[in-house]
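Work through the charged side chains of the model below. Each exercise sets a task, and the solution follows step by step.

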Amino acid sequence: TNNSAYEDYQQQMQVQIQEDRLAEQIMREREDEIRNINRGMHQVNEIYRDLAHIVEAQQEQVDAIETQMEDSKTNAEAGLTQIEKANDNFGSSNCVIS
């Protein structure tokens with residue numbers, strides 16, 4: 001009976017060791033998965049930062065275009081005013097607006 005009890009104990013210890021190894025392997029796999037998720041999150045964060053820089057640069061270009069359009073409108077209005085003055089001063093027969 002001592003031998004049987006000892007064999008049962010050894011068997012239980014082997015089962016426990018196998019369970020511990022399995023649990024350790026599962027923990028390692030989970031750690032690897034968490035690292036991969038973390039790495040992916042950092043990559044997404046970098047992509048968002050890059051996109052923010054691109055949008056910021058494009059906004060500067062859009063603002064410059066808007067300013068140029070406003071300047072063009074102002075210049076066109078001033079030109080029209082000059083043409084109207086010339087038309088008033090020199091008569092409608094000498095100045096043609098098309």
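**Exercise 1. Identify the residues that are linked in a network of salt bridges.**

Solution. Start with the rule: a salt bridge is a side-chain nitrogen of Lys or Arg within 4 Å of a carboxyl oxygen of Asp or Glu. The network links Glu31, Asp32 and Arg35. This is a predicted model, in which local features need pLDDT of at least 70, side-chain atom pairs count only at pLDDT 80 or more, and totals for chains, interfaces and linings use all residues. Residues are numbered from 1 along each chain as its sequence is written, and side-chain values use heavy atoms, with hydrogens and water left out.

Step 1. Take the pair arginine 35 and glutamate 31. Their closest N and O atoms are 3.4 Å apart. Both residues lie in helix α1, 4 residues apart, about one turn of the helix. Helices are DSSP runs (H or I, at least four residues), numbered from the N terminus.

Step 2. Take arginine 35 and aspartate 32. Here the N to O distance is 2.9 Å. The spacing in helix α1 is 3 residues, again about one turn.

Step 3. Check exposure. Buried means under 20% relative accessible area, exposed over 50%, and partly exposed in between (1.4 Å probe, protein chains only). Arginine 35 has 44%, so it counts as partly exposed. Glutamate 31 is partly exposed at 40%. Aspartate 32 is partly exposed at 41%.

**Exercise 2. Describe the salt bridge of glutamate 24 with arginine 28.**

Solution. Step 1. Get the distance: the closest N and O atoms are 2.2 Å apart.

Step 1. Glutamate 24 has a relative accessible area of 41% and is partly exposed. Arginine 28 has 46% and is partly exposed too.

Step 2. The salt-bridge count comes to 4.

**Exercise 3. Which residues gather in a patch of negative charge on the surface?**

Solution. Step 1. Apply the patch rule: members have over 30% relative accessible area and no salt bridge, and like charges are joined within 9 Å. Asp and Glu count as negative. The place of a charge is CG of Asp or CD of Glu.

Step 1. List the members: Glu56, Glu60, Asp63, Glu66, Glu70 and Asp71.

Step 2. Inspect one member. Glutamate 70 sits in helix α1, which covers residues 2-90. Its relative accessibility is 45%, so glutamate 70 counts as partly exposed.

How values were computed. Patches are made of residues with over 30% relative accessible area and no salt bridge: like charges are joined within 9 Å, nonpolar side chains (Val, Leu, Ile, Met, Phe, Trp, Tyr) within 5 Å. Accessible areas come from the Shrake-Rupley method with a 1.4 Å probe; for residues, only the protein chains shown count as cover. Helices (H or I, at least four residues) and strands (E, at least two) are DSSP runs, numbered from the N terminus.
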